Amino acid sequence: MRPLHGPQQPFRGRAFAQGAAPVTVDGCPRWVWHTFFSRTAHDDTWWNSFLAGETPVTERPVAAAARSTAYSVLARLGRIDARLTLSAGECAALEGEAAEWFARGAGEPQLVQALTAGLPEPVAHAYAFVRARLLAKLPPRPEPQPPAPRYEVVCTACGEPGGDGVQLRGGLCGVCQGGRPALAAHEVRAHVGRLRAALRSGTRTEETEKGAGT
């Protein structure tokens with residue numbers, strides 16, 4: 001087999017006329033020649049797999065990397081005004097400066113207007129002119145946004161905050177709902193013990209008054 005190198009990669013091979021053994025005519029083998037043609041260039045491994053009856057593995061072409069919005073705007077300047085025509089290399093060199101505009105909140109119309117408004121006649125060097133305007137007219141950095149307000153849930157009747165972990169039912173705290181927060185059993189026993197001790201001693205404390213009022 002002999003590959004013929006070229007952009008469209010024709011490939012020529014031969015096979016026996018019948019079966020696995022050549023057909024002889026007057027003692028000479030007879031060969032059948034086939035020429036295969038592909039519009040897509042393939043290497044020898046691909047062709048060898050194809051002629052062997054196997055399914056060749058076709059490598060997909062690598063897609064070109066997507067260009068940024070900044071690059072696209074710079075490449076489009078020449079179609080807006082021919083005096084600002086930039087080459088691919090110049091667009092890539094200015095891509096960072098143009099991207100800074102978008103980082104500071106500018107949009108495509110704002111960037112195009114800043115680069116194309118009031119052009120001199122003529123523009124001696126498009127690359128230098130565009131770069132100078134990108135730097136001279138760069139918008140200021142946006143002011144930091146104030147933090148989002150943090151709301152505290154309060155009782156709609158008395159205005160007391162619910163506090164961490166306290167849920168208001170119907171917008172009302174436990175007191176305004178007509179009840180008091182329930183105490184655990186050991187807290188109740190300890191409170192009653194303190195009241196009894198105070199009564200035995202005959203002292204009247206603030207805690208005793210509160211207990212008497214309950």
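Tutor: One definition before we start: helices here are DSSP runs of H or I with at least four residues, numbered from the N terminus. Also, this is a predicted model.
Student: OK. What follows α4?
Tutor: G118 does, and its phi is positive, near 60°.
Student: And which residues of α4 are buried?
Tutor: The helix spans residues 108-116. L111, V112, A114, L115 and T116 are buried there.
Student: What do those buried residues pack against?
Tutor: Three helices: α2 (69-80), α3 (88-103) and α5 (126-136).
Student: Switching to A88. Where is it found?
Tutor: In helix α3.
Student: Why does A88 count as exposed and not buried?
Tutor: Because the relative accessible area of A88 is 52%, and the exposed class begins over 50%.
Student: Zooming out, how do the elements run?
Tutor: From the N terminus, β-β-β-β-α-α-α-α-α-α-α. That comes to 7 helices and 4 strands.
Student: How much of the chain is buried?
Tutor: 21% of its 214 residues. The accessible surface is about 15900 Å², with 55% belonging to carbon and sulfur atoms.
Student: And confidence, what's the average pLDDT?
Tutor: The chain averages 76, and 69% of the residues score at least 70.
Student: Where does pLDDT stay under 50?
Tutor: Over residues 1-8. The model has 16 contacts beyond four places in sequence for that stretch.

Notes:
Residues numbered from 1 in each chain as written. Predicted model: local features only at pLDDT ≥ 70, side-chain atom pairs only at ≥ 80, totals over all residues. Heavy atoms only, no water. pLDDT = per-residue confidence, 0-100. Contact = heavy atoms within 4.5 Å. Buried < 20%, exposed > 50% of the residue type's maximum accessible area, 1.4 Å probe, protein only. Helix = DSSP H or I, 4+ residues; strand = E, 2+ residues; numbered from the N terminus. Areas by Shrake-Rupley, 256 points an atom, 1.4 Å probe, with all protein chains shown as cover.
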